[in-house]
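Biologist: Could you walk me through this one while I have it open? I would like to start with the inside and then go on to the links between side chains.

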Amino acid sequence: MNEDDVDRLDRNRRHFLTVATAVTGLVGVGAVAVPFLSSLKPSARAQALGAPVEVAIGAMQPGEMVRVLWRGRLVFVLRRTEEMLGRLSDNIDNLRDPDSEVVEQQPDYSANEYRSVKPEFLIVEGSCTHLGCAPLEDFEVRPAENWGGGFFCPCHGSKFDLAGRVFKGVPAPTNLRVPPHRFVRDDLILIGQDSGAA
Ligand code: FES
């Protein structure tokens, strides 16, 4: 890893801490990490064990990402900008599964060019499909590196684009997984439950 990589990781870690601090105000009650299951009331225990998680997205700005927990798994909710969406077709030839052909990695309703129900909102599990590390967001565009923004896994260098699609030549074998979810309202999503067609 060279100095640029180290700088980039430091920046991303600082950004992670900032965003993680902001998450609490954005997510619903089910999204709070709960360390002691035995001390919870039955409804809270059910939520911690796997109940769907509400995420309020009305106040999210374009380009903003929040992290929530669902069933103990990290989930990224990214509101993509128009520019981000426009870059999704730039690197198709360098992606391993650009058309979401590995069906286990997303519900049918997200098997499209945006890997989402609404193009603006990407919802993926924050778990690298190599060995499960949490990828870091890296939304900086660096044309010299052929990088239009996406996610970088610091453990072994896997890279994913802004739709969570894995690049060729990295250890991760598949795209980031899209969890079941649906839009309850324009400003509210439910992660962990869908109606078959979101
Ligand atoms: S766990 Fe992400 S590259 Fe190995």
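Biologist: Which residues line the largest cavity?
Modeller: The lining of the largest cavity is made by Arg87, Leu88, Asn91, Gly148, Gly149, Asp161, Leu162 and Phe167. A cavity here is a set of points, on a 1 Å grid over the protein atoms alone, where a 1.4 Å probe fits but cannot get out, and lining residues have an atom within 4 Å of a point. This is a predicted model, in which local features need pLDDT of at least 70 and side-chain atom pairs count only at pLDDT 80 or more, while totals for chains, interfaces and linings use all residues. Residues are numbered from 1 along each chain as its sequence is written, and side-chain values use heavy atoms, with hydrogens and water left out.

Biologist: What volume does the largest cavity have, and how do its lining residues divide?
Modeller: The volume is about 80 Å³, taken as the space filled by probe spheres set on the points, with grid points joined across faces, edges and corners. The structure holds one cavity of 30 Å³ or more. Its lining divides into three nonpolar, three polar and two charged residues, where Asp, Glu, Lys and Arg count as charged, Ala, Val, Leu, Ile, Met, Phe, Trp, Tyr, Cys and Pro as nonpolar, and the others, Gly among them, as polar.

Biologist: Switching to cysteines, how many disulfides does a search of the whole structure find?
Modeller: The search finds one disulfide, meaning a pair of cysteine sulfur atoms within 2.5 Å. Cysteine 133 is joined to cysteine 155, with 1.9 Å from S to S. The two cysteines lie 22 residues apart in distant parts of the chain, cysteine 133 in the loop between β4 (121-125) and β5 (136-138) and cysteine 155 in the loop between β6 (150-152) and β7 (159-161). Strands are DSSP runs of E of at least two residues, numbered from the N terminus.

Biologist: And which hand does that link have?
Modeller: The link of cysteine 133 and cysteine 155 is left-handed, with -90 degrees about the S-S bond.

Biologist: Is cysteine 128 buried or exposed?
Modeller: Cysteine 128 is buried, at 4% relative accessible area, because buried means under 20%, exposed over 50% and partly exposed in between, with a 1.4 Å probe and protein chains only. Cysteine 153 is buried as well, at 2%, whereas cysteine 133 is partly exposed at 22% and cysteine 155 is partly exposed at 37%.

Biologist: Now charges: which residue forms a salt bridge with arginine 67?
Modeller: Arginine 67 pairs with glutamate 137, their closest N and O atoms being 2.7 Å apart; a salt bridge is a side-chain nitrogen of Lys or Arg within 4 Å of a carboxyl oxygen of Asp or Glu. The pair links distant parts of the chain, arginine 67 in strand β2 (residues 65-70) and glutamate 137 in strand β5, 70 residues apart. Arginine 67 counts as buried at 5% relative accessibility, and glutamate 137 is buried at 2%.

Biologist: What about glutamate 125, which residue does it form a salt bridge with?
Modeller: Glutamate 125 forms a salt bridge with arginine 177, with 2.5 Å between the closest N and O atoms. Glutamate 125 is buried at 6%, while arginine 177 is partly exposed at 29%.

Biologist: How many salt bridges are found, and which residues are linked in a network?
Modeller: The whole structure has 11 salt bridges, and Asp138, Glu140, Arg142 and Glu145 are linked in a network of them.

Technical notes: Helix = DSSP H or I, 4+ residues; strand = E, 2+ residues; numbered from the N terminus. 1 Å grid on protein atoms, 1.4 Å probe; cavity = no way out; pocket = protein on both sides within 12 Å on 5 of 7 lines; lining within 4 Å.
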